[in-house]
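Subject: Handover of the two-chain model

Dear colleague,

I am passing on the structure we spoke about, and below it you will find my notes on what came out of it. Please read them with the sequence and the structure open beside you.

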Amino acid sequence: MSRTTAMSALKTLKMAAALCAPLFLATALPAAAEDGETLYKIYCTQCHGVEGFGNGVNVPAMSVQPRNHHDRSEMSARTDEELFKAVKHGGKSINKSVLMPAWGENLNDDEINALVLYLRELCCNSGG
Amino acid sequence: MNVKTLAAALLVGGLAQLPAGALADGKQLVETNCASCHALERPDYGALGHAERITRKGPPLYFAGNKFQAEWLEGWLQKPQRIRPAGVFPPAAVKPSDAGDVIDPALLEEHPALSADEARQATEYLMSLHAFDDLIAASTYEPGTIAARMGQLNFSKFNGCDSCHQDSATTGGFSGPELYTAWQRLQPKFIASFIADPVAWDPNTLMPKTNLNESAVERLSNYLKLIGEEQP
């Protein structure tokens, strides 16, 4: 599938999800169903950068460079489950840096899943 | 002077030019001047979702009496100095550059200064806001000591606090509030309680709740005491 086709399919999927969301809100999406991009902006950009290139405003103070989320090969080497685990339980849980905090008490599982979906968009569908 | 006249006077002339004695009531002063940027009552976080954090212009103040040191607050309101190097919501004050993201000073907002009388009245009222007495009562933290090297290791290598917070004017990250002044600004039990469970204080905090045990919280709190007491 070409990148353009993939992006178009993703957009269609998003639109379908948005249209269907009210139908399933009570069960499938108990959280506010905030989109991954919004959550990424709030919680991730300080270290991973406002554009996701791993060069956030805190980087000069960090001993480990945050992941560049546009790095397709690095990101492809991680499964969705691993990304979910890293966000929920912190970098240490997948043998990476302690500087990646555990967000599982701040964000619920639906929100973390939305973030994982957005990470996939950044790395692999947005020209990264 | 009614509220509308007062608001108009503030818009036109700023706080410092109000007639003396016009703001007899700290509550009125705070509600008139502070509420557009600071929450004076608990927001409906459930309805607002995490996006509330994007629109927040100042820290919530509805638990100010559980949080601040009154003397510091009164002084700061008269001579406000930036505590958060990248502002209240860092992504809004940061721009990409070839060298990575940088703070754009033009995007940082200044906090207005109050007169001595206004600062005293505002502080008196703010310190009466005690939404989280339960969290403070639940804290068992008693200030203690820690060796500088051990404190610094806890702050940096063991917990990564220095990624977001400065523990001196020249070391640490920029997205969180500076912490070398935390001991002057904040009540000890607030510090310990917030480190232990920031989400209980603020569901949309940018501080991760990492389930530190009591001793780890004590070590970090004592480190803030150590570096805070070194400040002028």
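This is a predicted model: local features need pLDDT of at least 70, side-chain atom pairs count only at pLDDT 80 or more; totals for chains, interfaces and linings use all residues.

Which residues does A114(A) touch, not counting residues up to four places away in sequence? The answer is E34(A), D35(A), G36(A) and L39(A).

**Chain A**

Of its 128 residues, 42% count as buried, and among the contacts in chain A between residues at least 6 apart in sequence, 49% join residues at least 24 apart.

A114(A) itself lies in helix α6 of chain A, and because its relative accessibility is 18%, under the cut-off of 20%, it counts as buried. One of the residues that A114(A) touches is L39(A), and although the two are 75 residues apart along the chain, their C-alpha atoms are separated by 8.2 Å.

Two packed helices are described by the angle between their axes and the distance between the axes. For helix α5 (residues 80-89) of chain A and helix α6 (residues 109-124) of chain A, the angle is about 125 degrees and the axes lie 9 Å apart. Since an angle of 65 to 115 degrees would count as roughly perpendicular and one over 145 as roughly antiparallel, α5(A) and α6(A) are therefore oblique to each other. Their crossing is right-handed. On the side of α5(A), the contact is made by D80(A), L83(A), F84(A), V87(A) and K88(A), while α6(A) brings D109(A), I112(A), N113(A), L115(A), V116(A), L119(A) and R120(A). By class, the residues of this contact between α5(A) and α6(A) divide into seven nonpolar, one polar and four charged.

**Chain B**

Turning to the other chain, chain B has 13 helices and four strands. Of its 232 residues, 50% count as buried, and among contacts in chain B between residues at least 6 apart in sequence, 65% join residues at least 24 apart.

Here too there is a helix pair to look at, in which helix α9 (residues 148-158) of chain B packs with α13(B) at an angle of about 120 degrees, with their axes 9 Å apart. α9(B) and α13(B) are therefore oblique to each other, and α9(B) passes α13(B) in a left-handed crossing. In this pair, A148(B), G151(B), Q152(B), N154(B) and F155(B) of α9(B) meet R219(B), L220(B), Y223(B), L224(B) and L226(B) of α13(B), and the contact has six nonpolar, three polar and one charged residues.

Within α9(B), the buried residues are G151(B), L153(B), N154(B), F155(B) and S156(B), and what covers them includes β3 (166-168) and α13 of chain B. After α9(B) comes G160(B), whose phi is positive, near 70 degrees.

**T205(B) and P198(B)**

Is T205(B) buried or exposed? T205(B) is buried, because its relative accessible area is 5%, and you will find it in the loop between α12 (198-201) and α13 (214-229) of chain B. The side chain of T205(B) reaches the backbone nitrogen of M207(B) at 3.0 Å. Leaving aside its neighbours within four places in sequence, T205(B) is in contact with Y43(A) and N106(A) of chain A, and with F194(B), P198(B) and V199(B) of chain B.

Of those partners, P198(B) deserves a look of its own. P198(B) is found in helix α12 of chain B and counts as buried, with a relative accessibility of 0%. Apart from its neighbours within four places in sequence, P198(B) is in contact with S193(B), T205(B), M207(B), P208(B) and K209(B).

Technical notes:
Residues are numbered from 1 along each chain as its sequence is written. Chains are lettered from A and ligands numbered from 1 in the order in which they are written. Side-chain values use heavy atoms; hydrogens and water are left out. Axes are lines fitted to C-alpha atoms, for helices over the stretch in contact, and angles run from 0 to 180 degrees between N-to-C directions. Helices (H or I, at least four residues) and strands (E, at least two) are DSSP runs, numbered from the N terminus. Angles under 35 degrees count as roughly parallel, over 145 as roughly antiparallel, 65 to 115 as roughly perpendicular and the rest as oblique. A crossing is left-handed if the near helix is turned anticlockwise from the far one by less than a right angle, and right-handed if clockwise. Contact means heavy atoms within 4.5 Å. Ala, Val, Leu, Ile, Met, Phe, Trp, Tyr, Cys and Pro count as nonpolar, Asp, Glu, Lys and Arg as charged, and the others, Gly among them, as polar. Buried means under 20% relative accessible area, exposed over 50%, partly exposed in between (1.4 Å probe, protein chains only). A polar contact is a pair of N or O atoms within 3.5 Å; within protein, one must be able to donate a hydrogen and the other to accept it, and residues adjacent in sequence count only if both atoms are side-chain atoms.
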